[in-house]
Structure formats: structure tokens, C-alpha cells
Amino acid sequence: RVDEALQAAAGDARVALVSLLAGVDAEAARSRLDASEGSVRKAAGGRRLDGARTGAEVAALPPPEREA
């Protein structure tokens, strides 16, 4: 998948990353990058490259159950 994304992105690694992370084609990824002023994280919808949860995702989790 990485090689295909990189080829579709004409060798632009940032476009390929956004394409893979956001699940969009290279053209949409390029548009997202332009709209986000080049921020891969913003263009990918806030997804972190390391897969860790973002602040908004953590805030949406239910509070942990407390032991009595």
C-alpha cells in the first residue's frame, strides 16, 4: 500500500501519508494539505502518525470505573 500511495502521490511523501491516514486518494490528500497549510496531522483529520489517541478522542472516553 505504501508504494502504491507514494506512486499515486508522484513521490510526495506528505501526500502519500495523508492519503494513507485519511483513506483518501492523492488528489484529495493534496487538497487537504493545501487547506491545512501543510500540516499532515490536520490534513489527516487529526490522526497522529504513531496511532496514539488525540486529546479529543481521550476526552470522549467514558471515565474509568472506580473500585469501591
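A polar contact is a pair of N or O atoms within 3.5 Å; within protein, one of them must be able to donate a hydrogen and the other to accept it. One caution before you start: the model you're looking at is predicted.

**Exercise 1. Work out whether α2 and α3 are roughly parallel or roughly perpendicular to each other.**

Step 1. A pair of packed helices is described by the angle between the axes and the distance between them.

Step 2. Read them off. The axes of α2 and α3 come within 8 Å, and they cross at roughly 105 degrees.

Step 3. Compare with the cut-off. Angles of 65 to 115 degrees count as roughly perpendicular, and therefore α2 and α3 are roughly perpendicular to each other.

Step 4. See who makes the contact. On the α2 side you'll find R14, V15, V18, S19 and A22, and α3 brings A26, A29, R30, R32 and L33.

**Exercise 2. Find out whether S36 is buried or exposed, and which residues it is in contact with.**

Step 1. Locate S36: it's in the loop between α3 and α4.

Step 2. Apply the cut-off. Buried means under 20% relative accessible area; S36 has 12% relative accessibility, so it counts as buried.

Step 3. Look at the side chain. A polar atom of the S36 side chain lies 3.2 Å from the backbone oxygen of L33.

Step 4. Look further along the chain. Setting aside neighbours within four places in sequence, S36 is in contact with K42 and A43.

**Exercise 3. Now do A44: where is it placed, and which residues does it contact?**

Step 1. A44 sits in the loop between α4 and α5.

Step 2. Its relative accessible area is 4%, so A44 is buried.

Step 3. Leaving out neighbours within four places in sequence, A44 is in contact with V18, L21, A22 and R32. Of these, V18, A22 and R32 also turn up in the contact of α2 with α3.

Step 4. A44 and V24 are 20 residues apart along the chain, and their C-alpha atoms are separated by 9.2 Å.

**Exercise 4. Check the backbone: what is phi in A10 and in E37?**

Step 1. Most residues other than glycine have a negative phi.

Step 2. Take A10, in the loop between α1 (2-8) and α2 (13-22). Its phi is near 55 degrees, a positive value in a residue that isn't glycine.

Step 3. Take E37, in the loop between α3 (26-35) and α4 (40-43). E37 has a positive phi of about 55 degrees, although it isn't a glycine.

Step 4. A10 has a relative accessible area of 68%, so it is exposed. E37 is exposed as well, at 76%.

How values were computed: Residues are numbered from 1 along each chain as its sequence is written. This is a predicted model: local features need pLDDT of at least 70, side-chain atom pairs count only at pLDDT 80 or more; totals for chains, interfaces and linings use all residues. Side-chain values use heavy atoms; hydrogens and water are left out. Helices (H or I, at least four residues) and strands (E, at least two) are DSSP runs, numbered from the N terminus. Buried means under 20% relative accessible area, exposed over 50%, partly exposed in between (1.4 Å probe, protein chains only). Contact means heavy atoms within 4.5 Å. Axes are lines fitted to C-alpha atoms, for helices over the stretch in contact, and angles run from 0 to 180 degrees between N-to-C directions. Angles under 35 degrees count as roughly parallel, over 145 as roughly antiparallel, 65 to 115 as roughly perpendicular and the rest as oblique.
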